[in-house]
Structures are given as structure tokens and as C-alpha cells.
Amino acid sequence: MEPAALAASELSPLVTRAAGYLWLIPFFPLLGAVINATLGVPMQRRFGKGTVHTISIGAMVLSFVVAAVAALELLGLPAEHRFLQDTLWNMLSAGQVRVDLGFALDPLSMMMTMVITFIGTLIHVFSTGYMADEPSYWRFFAYLNLFVFSMLLLVMGDNLVLMFFGWEGVGLCSYLLIAFWYTDAQKAAAGMKAFVTNRFGDFGFILGLLLLFWALGGSWRAGPSGKLTYLANDDGAQVTAGEGQTPPQHADHPELSQASSPVRVGPTLNFRELRDQIVIRSTGVAAKLKAQRIYGFGLLAVVGVLLFVGAMGKSAQLPLHVWLPDAMAGPTPVSALIHAATMVTAGVYMVARLNFIFALSPTAMGWIALVGALTALFAASIGFFQYDIKKVLAYSTVSQLGFMFIGVGVGAYWAGAYHLLTHAFFKATLFLGSGSVILGCHHEQDMRKMGGLGRLMPVTRWTYLVACWAIAGFPWASGFYSKDEILWKAFSQESMALLGIPAPHLGQLIFVMGILAATGTSYYMFRSYYMTFTGAYRGAGQGHAQEHGHGGHGAVPHESPRALTLVLVTLAGGAVLAAVLGLPAAWTGHAPLLERWLEPTLPATVHFAEHGRTTELLFQLIGVLAGLVGWVCARALYRDGRSEVPARLLARWRGIWNVVYHKYFVDELYQATVLRGSLALARTLAWFDRWIIDGIVGLVGAITRTLANLDGVIDRYLVDGAVNLVAAAILALGRVLRRAQTGRIQTYLYGALVGAIALVLFTFLIR
Amino acid sequence: MPHLALGHFLVVAALLFGFGLLAVVTRRNAVAVLMGVELILNAANLNLVAFGRYVAGGIAGQVFSLFVIVLAAAEAAVGLAIILAIYQMLRSIDTARATTLKE
């Protein structure tokens, strides 16, 4: 084998560039969180709320500035060498596990970092207006900063452990922020639901992570010819790994990588090392992983599916989507930042980050794409009938996340990441728009009680419309480009598999589901727009306004403060301008900007079927038509709230409406199976605990007590008795002997005299 | 004039020692006990001088006895001081009553 010749034709190890300031990016939000968490109460009381949000927003701005500096440095490097590394210290070394506190920025994590810090800053600004009446202002901003810190850790960590740490951290912050108004039992329960559901996913994630780590190990043996071979774990199939000048005896050490290649082979948690050894084919790691099977399943498929279970929890995919709609109990800026723009996309980011692993397994790809498509369709259909404006957006988010997973599932990683980016902008706009509406309507979320707000809240209305335009997939707003790229790639992906069976038409099926979901998306988004902003105001009566009227105005909804509208306009602008990053090759003749930017991060080679340019344009037309159909339907049914058709349709199809409105009774299903099952299990275990475990413990206690009593008796009477006896004997002897000491000199003299005489006599007698 | 021999001196010294011991053992007055002690010391002096004259020769015996006389004076001083202290404490110099060290 000629490793050098092979290496020339394939990717080389990543070249890193040290950038010692990367730690500042997550550090500033952490600092802000710590300051607000510890000093927030006195600061807010003493200096007012301004100080609290100044610290928070200041931390975000600083973080954004440092991230921008890093982005500029990254831009200055040649494309394939764009990788900034900042390792602070080693956190853990045990056996072959080595975990550093290290940050890495490559194009993908850079994109995420920019999204998080930029949109995060804007949402912090929005929160100053939205949360102005909140007494626990400091707590909100401390949580928000802590969330940004965790999210940056997730994105920037250079190994899986840091990513997992951030993964759990954002879960915690999500829980804290959903249950922010914890005095309301329902909201506290929503927080717990999110946390517990996420734990289900995290369990899968950590299993996948450990399995991957295990799979990279295994026994490497040097054969008689000095060739290193890998012994597969079950059937003994051997894969040649390359040559090595190794000790003759076997050794399962990572240092056994080939002498000709500097790539470190073996179990690792570091993304870069993982990427190098899998992407560089001459190491044989990719081939080894592909050949490995576990309980009859392809190991990579199992790893991929397990890792994706983690993504399903965090990114609310079927069937772990139930927490996200309930998460809307949190303050609206939280919904925008965590449950739309950043945290829920962590799963997408994870799949894109580990693209080289997922791309090796057609089964894992098929699984991800199918789950994504099912979720997209399923959540879109629930969105049809919701009345709570935030619920509509929540299901829309679930649905859009499904689209992203279609993208990363079929291998169009950049398209998935691009949809993540555009979605972050337009969904943040939509959520903040809904927040503005809710604030304007005095915390009313039911769209049936809105209507006609377009005149009263012009800025909110127009930004909301722009975002709807983007999400519905009409050209010139960003959503069109990302969604159509995803669906187009799904259509031309023919190498996926389902449970190990090749399924060449799966991509086309997913395309059809995606188009249906896109139609639905357009429909429910415009429905929410028409219900909210057109027609007559159907708001509550005067009494409500009296009890609530903050700021001294009456029942009339009002436009939000300047801070809010400014953020809305900025985000809506971003939702349109992000289109520049993804103008398709069919229009411009060269690859989209973002695809070229992300290319070095996404080394996975995925094959797509070749289709002509005309076909691609035709498919884009289909996408636009889907959006149009949805829009026309929504306009006909809901514009100005005049149409009677919805009511008639509702009466006719009450049964179906009931099922969909109640979210297909998934919550009830969980209630009946998972919750009742776990409660029954808990009750059984409690019984077992009380009667069996406690009984055993009690028995052991009683035995020990008896033994101790016996021991006490022995101690008291035998040991203490002996000691006391010695003391008493010596006392009695002393009592006798002390008689001899009379204190009279003569007595002593007699004694001395007798002694002297006796001495003299003895001397004479003995002689 | 009868010829004086070593034996005569030794007899006188033994008698002196016997009286001194008798005084120390029997008298209850502390000063008398001290006087007995002086007698014993003088008996020893007599022996030293006699042995120096008749057995060893030279003046070593006389020098020793001079040291003993000085020592006896010092001892008498210390002894009397102790007796004074006892008197101050007990208002008596009866050795039978000075038994505070017993038991």
C-alpha cells in the first residue's frame, strides 16, 4: 500500500491556527450571568432595571464583537485551512479518554456563533421592552446570558464532551426559562416536561457517543508480516489498516497509527481527530467502521440512529416533539431565542458537525430524513387548527426543524445549515412579532380575540408579513432558497436505505411529503397573519383592560416601544438579506456563497443523481406553487375574518378537527403509556422499597443492635472489670504501705539504724 | 604517764558516737537532736585525727577533721534555721509533733 500516493488524492488532516482569544466569546455571557445572578437583586433595587440589562446586553455585544473578529480572521485564511483552535487546559485524562477545555471555530461553528451572538443580542434588546414589568428582571437576564453561554459552549467546544456539556446546559436553561413564572403550576409543569423529554433524547445521545468511542477502539494487532490489522468485534473479519513499525506483540494503543501518516487513530472525543481519521481513507478507520456490526446491525447505523435520538429530543422531532409546544409557556423572547432560533437547532448542528459519520451509513441517513419529513408534515397539519398564536409558531418550528433534518439527512448538509440560518431569522421575527402582538393586546394569545391589528401596529404587521413571506417560500425571501435546495436535494438523493434495505425512491417520497408540508406551512402562517392583523378587532371587553392596563392606556391595542420595533425591523431585514448567501447555482452559475463557505467543514461525500438545470428550475416552480396554494387558501378562508367557510367546514369535519386540534392525542397517548407506566413502576418500586429493602435494612439493623448490646455487656463487665480490678489491688496495697510513713524523724532513724546494723552483721556473717 | 595508744582514742570516739546516737534517737527536742549530731561528727573527727597520727602519718587526717568542723558549723546553721522555721509553723520544736510529712 502506498499511503503517500493515496493521501495525495484525498483530504489531508486539518491545519489549525491558534487563536488565544476564542474563550472570550462564551466567557462574556457567563460573566454577565454570574454578575446578574449574584448581584442582580441589590443592583435592581438600588440602580433600577437599566443596570441589569446594560450588563447583560453589554456582555452579548462584547461576545458578538469578539466573534466578529474571529470571523474576520477566519475569512483571511485560505478556505481549506479555516480552523481556529484555542485550548485552555486539560479537563480529564483517563485511559484513552482525553478531554480538553478547548474551543474551535471552523466555518460551520462560526456561522452558528454569529447567529447565536447576533440574534441573541437583538433578543436581549427586545426583552428589555417585553419584560419591562417583570419584578424578577435580573433573574430573566441571568438565565438568558447563561443560556447563551451554554449554547456557545455547545457550538464552539472542540470535543463531544464539551458539546454534551453545552447540550445539557441549554436544556437546563430551557427548563429554567420555560418555568420562569414558576408560581403558575402549568408553566412549571411545562418546564419539567421539556426537561424530562430532553432527558430521553440525551440518553440516546450519550449511548451513541459511547458506542462511537468504543467502535473506534477495539483490538489492533500486528500480524506476522508487520501489517496492522483490525479484528472486528464479532465475526472476525479482518480489515487491513495499513503498515506500521509496531512492536511485534499486540497492543491496543492509539499511538499505533501508521508511521507514514501523522493522523492519530483510535478512540477520541475530539471533533478534529475524529474527522481526520475517518475522512482520510488510508487510515482504514472508515472502512473498519463500515464493516463492523453489532447484534446484526451495521454499527454506524446504530451510532447514527442513537445520536439522532439525542437530536430528536433537543430539536423536537417525532415522537419527542411534545415538549416544544408546551415550552411556549415561557416568556416570548425565550421562545424566540431558545425554542426557535438557537437551542432547538442544536440537533441539526450536531448532525452537520458529524456529517462524515452519518454519511457513511445510508440507513442512518434514511432514518433522519424520514423522521424529518414525517415531523414536517405532522407538525404542519397540527398548525392548521391552533388558535394560540404562539402554538401555531411552535408547531411551525417543529415542522421547519423537520425540513432541516430532511436536509442533513439526505446529505445536503449545507442546505440544512442554511435553512437553520434563515429559519433563525424569520422565526425569530415571527416570534418577536407575536410577542409584540401579545404585549399590545395585554397578554392575550388567542387569535380569535385579535384581528384588525394591522392598522394599530403597522411595524409589527409588516415585519410579520415579511417573515411569513420568507417561511412560506416565495422567492427573494430567504426561506425559498433554503427550503427548495433541501427538497431538490432530497429528490435527487437515491442512495438512502431503510433498516439496511436500499430504498432508492425514499428521496422522492420525502420530496412529496416536504412539498405537502410546505403548502401547509404557507397556509397556517398566512392564516395566523390574516386572523391577527386583518378584519375587525375582536378583543376583550373593558373590564379586562381595567384590571390590566399597564402604561395607562385603555383597551385599544398599541404599537410596541421603539426597542421592540427596531429589533423586529432588523430581524426582518436579515430574513430577506440572508437570501444572498444561498442564491442557487441554477440562477447564478456558481455554487452558493454559504455552500462554498461551509465546504471545508463538510467533507462527507454524498452522491446525488444528476438532473438538468431545467428540472431544477421546474422543481423551484413547484415549491413556489405550493406556497401560493397555501396562501390563496388562507386568504380565501381567513382574510378580514368575513368568510363563513371555516365555520361550516368545522361543523362538517368536527371529528377530524378534534383529532388534529388535540395534537393527534399524542400527549394523551404518552399519559396513558409512558406516564402511567412509569407511575405504576414507581409505585411497585416504592412498595418493594418499603417492604423488602426497608425490611432487610431493618433486619440488618436489629442484628447489629443485638450484637452491639452483647459487645457492650462484655465490654462493661469483662474488660472494664479487669481494668478496675488492677486499679483496686494497687490502691489496697498503697493503703497498707503508707502506714510506714509516720513523719517522725526518730522512726526513720530507727529504720536507718536497724538497716546499718543489719548490713554490718550481714557483712560479718557472710564472711 | 601511761602510754597512749590508738585503742584509747578509738574507745573514746566510740563512746562519743554512742552518746551522740543515743541523743539523736531518744531526745524529742530538736536542738538536742542537733547536739547529738555534733557529738557524732566529733567522734568521727577524733577517729580521723587518731588514724592520721598512728596509721597514715602526715597531716591529711587533721585537714579532713578541719573540713568536718567547718561542715558541722554550716550544718548547725542550716539545722537551726530549719528548727526556727518549724517553730514558727508549729509553735514547738518537739520532733514528735513535726509529722506533717507522714502518709
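Helix H2 of chain B, residues 30–56, has 27 residues and reaches 37 Å from its first C-alpha to its last, close to the 39 Å expected at 1.5 Å a residue; the expected span is 1.5 Å times one less than the number of residues, and helices (H or I, at least four residues) and strands (E, at least two) are DSSP runs numbered from the N terminus. This is a predicted model, in which local features need pLDDT of at least 70 and side-chain atom pairs count only at pLDDT 80 or more, while totals for chains, interfaces and linings use all residues. Residues are numbered from 1 along each chain as its sequence is written, and chains are lettered from A and ligands numbered from 1 in the order in which they are written.

The buried residues of H2(B) are Ala30(B), Val33(B), Leu41(B), Ala43(B), Asn45(B), Asn47(B), Leu48(B) and Ala50(B), where buried denotes 20 or more other C-beta atoms, placed from the backbone, within 10 Å of the residue's own. What covers these residues includes helix H1 (6–26) and helix H3 (60–90) of chain B. After H2(B) comes Gly57(B), with a positive phi near 75°.

In chain A, an open sheet of three strands has the order E1-E2-E3 with mixed pairing, two strands being paired if DSSP finds at least two bridges between them. Strand E1 (17–18) and strand E3 (97–105) of chain A are the edge strands, each pairing on one side only. E1(A) and E2(A) run parallel and are joined by two bridges, with Ala18(A) opposite Gln85(A) in E2(A). Nine bridges join strand E2 (residues 84–94) of chain A to E3(A), and these two run antiparallel; here Trp89(A) stands opposite Leu101(A), and Asn90(A) opposite Asp100(A). The hairpin of E2(A) and E3(A) has two residues between the strands, and in it Gly95(A) takes a positive phi near 60°.

The largest nonpolar core, with 219 residues, has Ala369(A), Ala428(A) and Ala575(A) as the residues with the most contacts inside it; such a core is a set of buried Ala, Val, Leu, Ile, Met, Phe, Trp, Tyr and Cys residues joined through C-beta atoms within 7 Å. Because domain 1 (213–297) and domain 2 (361–540 + 612–661) of chain A both give residues to this core, it lies between them. Leaving aside neighbours within four places in sequence, Ala369(A) is in contact (C-beta atoms, placed from the backbone, within 7 Å) with Phe405(A), Ile406(A), Gly409(A), Val410(A), Ala490(A), Met496(A) and Ile510(A).

Key:
Buried ≥ 20, exposed ≤ 12 C-beta atoms within 10 Å, placed from the backbone. Contact = placed C-beta atoms within 7 Å. Domains from an automatic or database assignment.
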